[in-house]
Amino acid sequence: MKKLYCILLISAFCLVGCGNPDSSDPSTSATESDTSIESSTSETQTTITSSSSGFSFTAPNGTEISMHQEASGVLSKLGEPKSYLEAPSCAFQDGIDKIYSYQSFTLTSYEKDGKDFIYDVYFNDDTVTTKEGIYIGCTIDKVKETYGEDYKEESGMYTYTKEGTRLMFLTQENIVTSIEYSGLTE
């Protein structure tokens with residue numbers, strides 16, 4: 001049952017990438033120091049904003065994971081995943097998402113110009129924390145105390161945005177039930 005819940009939750013987070021971000025929100029716009037990667041098809045264009053100063057995750061083995069960084073070095077440091085899956089990308093038109101499941105987190109990458117880049121990290125359980133010490137099971141009050149009041153809340157999902165990245169906390173009855181890092185697309 002827990003695995004089914006995790007799969008459904010991951011699928012829901014992937015679908016979040018299908019929506020159009022609020023381009024009028026200044027916190028999601030690129031700055032001059034950001035690096036942009038553009039992917040275009042005949043119908044759509046996706047711009048990926050990357051910045052080394054956005055939210056990042058440190059894996060249990062000490063590997064630093066930033067959104068939109070090249071995946072090959074990260075994947076080699078993380079070692080063999082428990083499972084691997086490819087699925088059509090919702091966020092990146094005509095692309096394939098590559099989903100790597102490790103013991104305590106799941107990492108998703110996308111392909112651009114023959115290289116894979118990190119797009120998303122999802123916590124599978126409470127054995128991992130954010131750099132600031134937040135984990136599944138914390139209260140939303142602890143999240144707010146740690147990350148501040150500059151968030152968007154919708155249906156129990158608290159989203160913090162920082163230089164090309166999002167850090168999202170899903171809550172139920174004021175308890176964090178899910179944590180996800182993702183890169184912004186425009």
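Is F123 buried or exposed at 0% relative accessibility? F123 counts as buried, because its relative accessibility is 0%; buried means under 20% relative accessible area, exposed over 50%, and partly exposed in between, with a 1.4 Å probe and protein chains only.

The model is predicted: local features need pLDDT of at least 70, side-chain atom pairs count only at pLDDT 80 or more, and totals for chains, interfaces and linings use all residues. Residues are numbered from 1 along each chain as its sequence is written, and side-chain values use heavy atoms, with hydrogens and water left out.

**Figure 1. The whole chain.** The chain contains 3 helices and 12 strands; helices (H or I, at least four residues) and strands (E, at least two) are DSSP runs, numbered from the N terminus. Of its 186 residues, 47% count as buried. Among the contacts in the chain with a separation of 6 or more, 46% come from residues 24 or more positions apart; a contact means heavy atoms within 4.5 Å. The chain exposes about 9900 Å², of which carbon and sulfur atoms supply 49%; accessible areas come from the Shrake-Rupley method with a 1.4 Å probe, and for residues only the protein chains shown count as cover.

**Figure 2. The surroundings of F57.** F57 is part of strand β3, which spans residues 56-58. This residue counts as buried, because its relative accessibility is 0%. With residues up to four places away in sequence left out, F57 touches T63, E64, I65, F105, V121, F123, V128, T129 and Y181. M67 is 10 residues from F57 in sequence, and their C-alpha atoms are 8.9 Å apart.

**Figure 3. The aromatic pair F57 and F123.** The structure holds 14 aromatic pairs. The rings of Phe, Tyr and Trp (its six-membered ring) pair if their centres lie within 6.5 Å; planes under 30 degrees apart count as stacked, over 60 as edge-to-face and the rest as tilted. The ring centres of F57 and F123 are 5.2 Å apart and their planes meet at 50°, so this pair is tilted. The pair links distant parts of the chain, with F57 in strand β3 and F123 in strand β8 (residues 115-123), 66 residues apart.

**Figure 4. The two faces of helix α3.** In helix α3 (residues 140-147), the buried residues are I140, V143, K144 and Y147. Seen down the axis of α3, these buried residues fall within an arc of 95°, so they line one face of the helix; the arc is that of the directions from the helix axis to the C-beta atoms. The buried residues of α3 pack against β10 (157-162), β11 (165-172) and β12 (175-183). On the face turned away from the buried side are the exposed residues D141 and E145. G148 follows α3 and has a positive phi, near 95°.

Figure 5. One aromatic cluster is formed by F55, Y147, Y151, Y158, Y160 and F169. Y147 counts as buried, because its relative accessibility is 15%. Y160 is buried as well, with a relative accessible area of 3%. K162 lies over the face of F55, 5.4 Å from the ring centre; a charge sits over a ring if NZ of Lys or CZ of Arg is within 6 Å of the ring centre and within 35 degrees of the ring normal.
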